[in-house]
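Let's take a walk through this structure together.

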Amino acid sequence: MQNSIEVQRTFLATIVSGVEMGTAIRVASVVLLTALTAAAAQVSIPVPFTPVPFTLQPMVVLLGGAVLGSRLGMSAQGLYLLAGIAGLPVFAASPLLPQGALRLLGPTGGYLMSYPFAAFAVGWLAERGFDRRYLTSVIAMACGLALVFACGVTWLALFARPAAVGFDTALRTGLYPFIPADIFKIFVAAAVMPAAWRLIGADNPKSLIPHP
């Protein structure tokens, strides 16, 4: 029996409709999102009581997943992590945390490693039309951000080096201080995609393509 869930064109596929979605477009899109993620990392505000800074990265990760879709969004964030592991200065500047692979072992490693999965989740929901209406876009962005925090807090509590801090401290330093700002980010990010769809006149949720 055919899957009842239908897949819609991503925003990227829609704006390049009429042009073959070839390898060059896919690669360029992934590289661009990787660069935007790295740029967003440089807009960071250190917080004195936690090693986790405020950054614009989560918004870029979530929006990038919505625009590119699950696979390309995940690929872009995977490339971002590979660039960081290779030693390129793509992670947020920090006087305490090193660039390179050791950053992933530190207290912010869980947040960073969650990005491919968060982008995939938002992209998967966007491919099912969640990004075309504000309320469903909020749901998609919230799901992606929940993954970021779940991975980040768990890593900080159990696996971070040089020392894990336990869930109580991880929640107090890695979640609670960020809730107000990130709720605001969700509401802003969720408004972007429906507005973009309206701008190109392609916000009809029934314009479907069959699920392969």
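Start by finding Thr 34. Skip its neighbours within four places in sequence, and you'll see Thr 34 in contact with Ala 76, Leu 79 and Tyr 80. Keep in mind that you're looking at a predicted model. Thr 34 itself sits in helix α2, which covers residues 23-41.

Is Thr 34 buried or exposed? Its relative accessible area is 9%, and the cut-off for buried is under 20%, so Thr 34 counts as buried. One is the backbone oxygen of Val 30, reached at 2.8 Å, and another is the backbone oxygen of Ala 76, reached at 2.9 Å. So Ala 76 turns up here as well as in the contact list.

Now hop over to a pair of helices. Helix α3 (residues 57-68) packs against helix α6 (residues 109-126) at an angle of about 40°, and their axes are 7 Å apart. The crossing of the two is right-handed. On the α3 side, the residues that meet α6 include Val 61, Leu 62 and Ala 66, while α6 brings residues including Leu 112, Tyr 115 and Val 122. What kinds of residues make up this contact of α3 with α6? There are 10 nonpolar and 3 polar ones, with no charged residues.

Finally, zoom out. The chain has 9 helices and 4 strands, running β-α-α-β-β-α-α-α-α-α-α-α-β from the N terminus on. Its radius of gyration is 18 Å, close to the 17 Å that the globule rule gives for 212 residues, so the chain is as compact as a globular protein of that length. Of those 212 residues, 46% count as buried.

Definitions and conventions. Residues numbered from 1 in each chain as written. Predicted model: local features only at pLDDT ≥ 70, side-chain atom pairs only at ≥ 80, totals over all residues. Heavy atoms only, no water. Axes fitted to C-alpha atoms, helices over the stretch in contact; angles between N-to-C directions. Left-handed = near helix turned anticlockwise from the far one by under 90°. Contact = heavy atoms within 4.5 Å. Nonpolar A, V, L, I, M, F, W, Y, C, P; charged D, E, K, R; others polar. Buried < 20%, exposed > 50% of the residue type's maximum accessible area, 1.4 Å probe, protein only. Polar contact = N/O pair within 3.5 Å; in protein donor to acceptor, adjacent residues only side chain to side chain. Rg over C-alpha atoms; globule rule 2.2 N^0.38 Å.
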